[in-house]
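Please look over the sequence and the model below before reading on. The notes that follow are grouped by topic.

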Amino acid sequence: MMRHLYFHRDSERGVEGTYNWLADELGELGEALKGEDKEAIEKEFADVIAWLASLANLTGIDIERATVEKYSGKCPKCQKSPCQCTF
Ligand SMILES: [Zn+2]
């Protein structure tokens, strides 16, 4: 969906510019998390995912496939679900 909506614009902005937008959005999410406005937090999560998807599209990464391949229902480190890793 993000490819359809924004790939032409993301391509003009480039990887570095899109990464910078993602970093800005992460900062906005961090600020929203300091408050209690659940709707604002929800919107910031959506923005972070959207910009992350844009960046993945620009780099030719299938973010869904990569995530499922790495995590596939268990922790990639301890191979357990739920994770049993010690902090
Ligand atoms: Zn683990």
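Which residues does N57 touch, not counting residues up to four places away in sequence? N57 touches M2, R3 and F7, where contact means heavy atoms within 4.5 Å. This is a predicted model, in which local features need pLDDT of at least 70 and side-chain atom pairs count only at pLDDT 80 or more, while totals for chains, interfaces and linings use all residues. Residues are numbered from 1 along each chain as its sequence is written, and side-chain values use heavy atoms, with hydrogens and water left out.

- N57 sits in helix α2; helices here are DSSP runs (H or I, at least four residues), as strands are (E, at least two), numbered from the N terminus.
- With a relative accessible area of 15%, N57 is buried. Buried means under 20% relative accessible area, exposed over 50%, and partly exposed in between (1.4 Å probe, protein chains only).
- M2 belongs to helix α1 and is also buried, with a relative accessible area of 15%.
- Apart from neighbours within four places in sequence, M2 is in contact with F7, A50, A53, S54 and N57.
- M2 and S54 lie 52 residues apart in sequence, yet their C-alpha atoms are 6.2 Å apart in space.

**The largest pocket**

- The largest pocket has a volume of about 180 Å³. The volume is the space filled by probe spheres set on the grid points, which are joined across faces, edges and corners.
- A pocket is an open set of points on a 1 Å grid over the protein atoms alone, with protein on both sides within 12 Å along at least five of seven lines; in a cavity, by contrast, a 1.4 Å probe fits but cannot get out.
- Rolling a probe the size of a water molecule over the atoms shows where empty space is left.
- The lining consists of M1, M2, R3, I49, A50, A53, A56, N57, I61, D62 and I63, a lining residue being one with an atom within 4 Å of a point.
- The elements that give two or more residues to this lining are α1 (2-33) and α2.
- Helix α2 supplies the largest share of the lining, 5 residues.

**Nonpolar surface patch**

- I49, L52, I61 and I63 make a nonpolar surface patch of about 330 Å². Accessible areas come from the Shrake-Rupley method with a 1.4 Å probe, and for residues only the protein chains shown count as cover.
- Patches are made of residues with over 30% relative accessible area and no salt bridge; nonpolar side chains (Val, Leu, Ile, Met, Phe, Trp, Tyr) are joined within 5 Å, and like charges within 9 Å.
- I61 is found in the loop between α2 (38-58) and α3 (63-71). At a relative accessible area of 44%, I61 is partly exposed.

**Salt bridges**

- Side chains of opposite charge can pair when their charged atoms come close.
- The count comes to 4 salt bridges, each being a side-chain nitrogen of Lys or Arg within 4 Å of a carboxyl oxygen of Asp or Glu. Three of them are described below.
- D10 and R13 form a salt bridge at 2.7 Å, N to O. They are 3 residues apart in helix α1, so about one helical turn separates them.
- D10 is buried at a relative accessible area of 1%, whereas R13 is partly exposed at 28%.
- K43 pairs with E39, the closest N and O atoms being 3.3 Å apart. Both lie in helix α2, 4 residues apart, about one turn of the helix.
- E39 counts as exposed at 52% relative accessibility.
- E69 and R65 meet in a salt bridge of 2.8 Å, N to O. Both lie in helix α3, 4 residues apart, about one turn of the helix.
- E69 is exposed at 57% relative accessibility, and R65 is partly exposed at 45%.

**Backbone after α3**

- Most residues other than glycine have a negative phi, and most peptide bonds are trans.
- S72, in the segment after α3, has a positive phi of about 30° although it is not a glycine. S72 is partly exposed, at 41% relative accessibility.
- Q79 lies in the segment after α3 and has a positive phi near 65°. Q79 is partly exposed, with a relative accessible area of 46%.
- S81 and P82 are joined by a cis peptide bond, with omega about -5°. P82 is in the segment after α3.
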